Structures are given as C-alpha cells and as structure tokens.
Amino acid sequence: METLSPIDIFVTVVKEQSFASAAERLGISLQLIDDYISELEDFLGLSLFHKGGEDVALTQDGIGYYVAL
C-alpha cells in the first residue's frame, strides 16, 4: 500500500478542487483528508484553504505554497 503524505493530500485536494473528491480518488475517508490538511497547516503555521461550504478555495498562503511545490 502506498503511503500518503500531507503534501500528497494537499496537492490532490487542489487538483480535485474538493475534499470529498480527493478522498474518493485516494480511497480514504473525508475525515482523514481533513486530518492531513490540518496537520500540514499546523506544521506550516498557515491556513491553506478557506473553510466552509463544499467549494475548495485556496487562501493566498495556500496559493503560494502550491506554486512553491
């Protein structure tokens, strides 16, 4: 089984433009997606996504981080 990192999860959410679609694509739970993103945000000290609703919107920090990858 492939090991996923928080960065892998972040990139998949950005590409899928949805936490739920990313969870489905990766075959993991939506809760695990949220946990990984929270872990990455805590580690970086940044908020990567605007919270709320089903739409995924990157913050300015999230855009900068994605571009830097």
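**A first look at a predicted model**

Trainee: Let's start with Glu16: is this residue buried, partly exposed or exposed?
Mentor: Glu16 has a relative accessibility of 25%. Buried means under 20% relative accessible area, exposed means over 50%, and partly exposed is in between (1.4 Å probe, protein chains only). So Glu16 counts as partly exposed.

Trainee: What kind of model am I looking at?
Mentor: Residues are numbered from 1 along each chain as its sequence is written, and side-chain values use heavy atoms, with hydrogens and water left out. Local features need pLDDT of at least 70, side-chain atom pairs count only at pLDDT 80 or more, and totals for chains, interfaces and linings use all residues, since this model is predicted.

Trainee: Where in the chain is confidence highest?
Mentor: We go by pLDDT, the predictor's confidence in each residue, from 0 to 100. The chain averages 93, and 94% of the residues score at least 70. Helices (H or I, at least four residues) and strands (E, at least two) are DSSP runs, numbered from the N terminus. Among these, confidence is lowest in strand β1 (residues 49-50), at a mean of 94, while the highest value, 98, belongs to α4.

Trainee: Back to Glu16, then. Which residue does its side chain meet in a salt bridge?
Mentor: A salt bridge puts a side-chain nitrogen of Lys or Arg within 4 Å of a carboxyl oxygen of Asp or Glu. Searching the whole structure turns up one. With 2.4 Å from N to O, the partner of Glu16 is Arg25.

Trainee: Which residues does Val14 contact beyond its sequence neighbours?
Mentor: Val14 is in helix α1, and it's buried, given its 14% relative accessibility. From Val14 to Phe49 it's 35 residues in sequence, but 9.5 Å in space, C-alpha to C-alpha. Contact means heavy atoms within 4.5 Å. Skipping neighbours within four places, Val14 contacts Phe49, Leu58 and Tyr66.

Trainee: How far is Ser29 from Phe49?
Mentor: Ser29 lies in the loop between α2 and α3, and at 39% relative accessibility it is partly exposed. Ser29 and Phe49 are 20 residues apart along the chain, and their C-alpha atoms are separated by 18 Å.

Trainee: Is Thr59 buried or exposed?
Mentor: Thr59 sits in the loop between β2 (57-58) and α4 (60-68). Leaving out neighbours within four places in sequence, Thr59 touches Ser47, Leu48, Phe49 and His50. Its relative accessible area is 10%, so Thr59 is buried.

Trainee: Which residues does Ile33 touch, not counting residues up to four places away in sequence?
Mentor: Ile33 is one of the residues with the most contacts inside the largest nonpolar core. With those sequence neighbours set aside, Ile33 touches Ile9, Val13, Phe19, Ala22, Ala23, Leu26 and Ile28.

Key
A nonpolar core is a set of buried Ala, Val, Leu, Ile, Met, Phe, Trp, Tyr and Cys residues joined through side-chain atoms within 4.5 Å.
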